[in-house]
Amino acid sequence: MDFDFGKAYTVSEVFKSLRNPDSFEGKCGVCEFRMVCGGCRARAYATSGDMLAADSTCSHIPRVSVKADGISESSRNELLLRLQQGIPLVHRPFQKIAVELGMEEDQVISFISRSFARGEARRIGGIFDGRKLGYSNTLCAASPRPEAEEEFVSYIRSLPGVTHCYERGWPGELEASLPGNPEGEKYPKLWFTFGAPSENFKNEFAKIEEMNRGGLLLNLPAKRMFKTDVIFDLKQLKMNGPSLGKSNSSNSIRQELRVFSEEDKGAIRLLQGNMHLKSDFYSEPAARLGISTEDLIGRLCDWRDAGILKRIGLLLNHLSVGFRANGMCVWNIPEDLIEEKGRALAGYPAITHCYQREMDGRFPFNTYAMIHAGGWKDLYAVFSSISKEA
């Protein structure tokens, strides 16, 4: 074979870019260690389709994050928290946040822009309640037949209604002998969430069953919601105990029917994307919709008051900001105690989601909590503390 590998390595644009750390994007492109580390290009390509993108598994936060913005570490944490909790529905929302936190409007906008460059932020826009948009959602778990597994996983990942898809199991960093390890149980390891318009849900779910070709497939819809609060407080990386604050109210899961105009649907689709950063934050989407900024803000306020819009906010990449461990923890709680225990679970800041779900005998648990923490030992400490106290 006369292929010249040396020449390919020397002249290939792909290899040239890989040898140039200044061509890396996201936080890898501004990291002080990019000349000696550079992140894993294979992982960047596998997770984003771009070999020059940021390494999504790296938890390091480049020093430029504090120096370039002129914002102290404590103020940075406070600002990240405020942006996640909700961007005000006013003409100049970043000015309002800046006044609240004793900053300048330009500082806030620059900080958000750099958060995207560092890979800390993944989207800024609307977060809606799918039930009130006419969608049905469920949590699924599967153990496909071995000969169909690769095809089934590829199919699941391709579905627009699948928002999360994980292979779950006991972390290697934790001792196998610790209480809570399901070792030995033949529980499914592939977990994903699936949603579709309510009128199409059964037909679309039937397609998933057909593609699974007789493998195990669990459908675990929520019966009651105790908490859905995907907000990461960096201070909680070192404070993973229970909160003394109020927990969320318990809500039964029920489908709500509301008719949206085509203009409403267009606005919702637009706001679910990544909104452009500028001082008059809502003017661009309003112009694209052909309405005034005042009309758009008024519509958003109406949707917020009706519970359709949860918030306009910044969504973080939890791995990039230091929450490296993500665990789904489950319990089987007697029916007459679920209300009490669900509220208690919702009081833990490390818990972002908490539901009562339909029980399937093949996975005999009815209460689910999603825990995020800085590491697996911290996460297990939360799980262990909850289990003992509850």
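Q: Before we start, what does contact mean here?
A: Contact means heavy atoms within 4.5 Å. Keep in mind that this is a predicted model.

Q: Okay. Which residues of α11 meet α13?
A: On the α11 side they are E263, D264, A267, I268 and L271. On the α13 side they meet R299, L300 and W303.

Q: At what angle do the two helices pack?
A: About 85°, with the axes 12 Å apart. Helix α11 covers residues 262-271, and helix α13 covers residues 293-305. Angles of 65 to 115 degrees count as roughly perpendicular, so α11 and α13 are roughly perpendicular to each other.

Q: New topic. Which residues of helix α14 are buried?
A: I338, K341, G342, L345 and A346. The helix itself runs over residues 338-346.

Q: Where do they sit around the axis?
A: They lie on the same side of α14, because they cover an arc of only 140°. An α-helix has 3.6 residues a turn, so residues three or four places apart point the same way.

Q: And what covers the buried residues of α14?
A: Several elements, including strands β6 (222-228), β9 (325-331), β10 (351-357) and β11 (367-373). Helix α15 (376-389) is also among them.

Q: Switching to rings. How many aromatic pairs does the structure hold?
A: It holds 16. One of them is Y187 with F363, an edge-to-face pair. Their centres are 5.0 Å apart, with 80° between the planes.

Q: Where are Y187 and F363 in the chain?
A: In distant parts, 176 residues apart. Y187 is in the loop between β3 (162-167) and β4 (190-197). F363 is in the loop between β10 and β11.

Q: Is F363 buried or exposed?
A: Buried, with a relative accessible area of 5%. F363 also forms an edge-to-face pair with W191, at 5.1 Å centre to centre and 65° between the planes.

Q: Where is W191, then?
A: In strand β4, 172 residues apart from F363. W191 counts as buried too, at 5% relative accessibility.

Q: Which residues do ring pairs link into a cluster?
A: Y187, W191, F363, F365 and Y368.

Technical notes:
Residues numbered from 1 in each chain as written. Predicted model: local features only at pLDDT ≥ 70, side-chain atom pairs only at ≥ 80, totals over all residues. Heavy atoms only, no water. Axes fitted to C-alpha atoms, helices over the stretch in contact; angles between N-to-C directions. Helix = DSSP H or I, 4+ residues; strand = E, 2+ residues; numbered from the N terminus. Parallel < 35°, antiparallel > 145°, perpendicular 65-115°, else oblique. Buried < 20%, exposed > 50% of the residue type's maximum accessible area, 1.4 Å probe, protein only. Arc of directions from axis to C-beta. Phe/Tyr/Trp six-rings, centres within 6.5 Å; stacked < 30°, edge-to-face > 60°.
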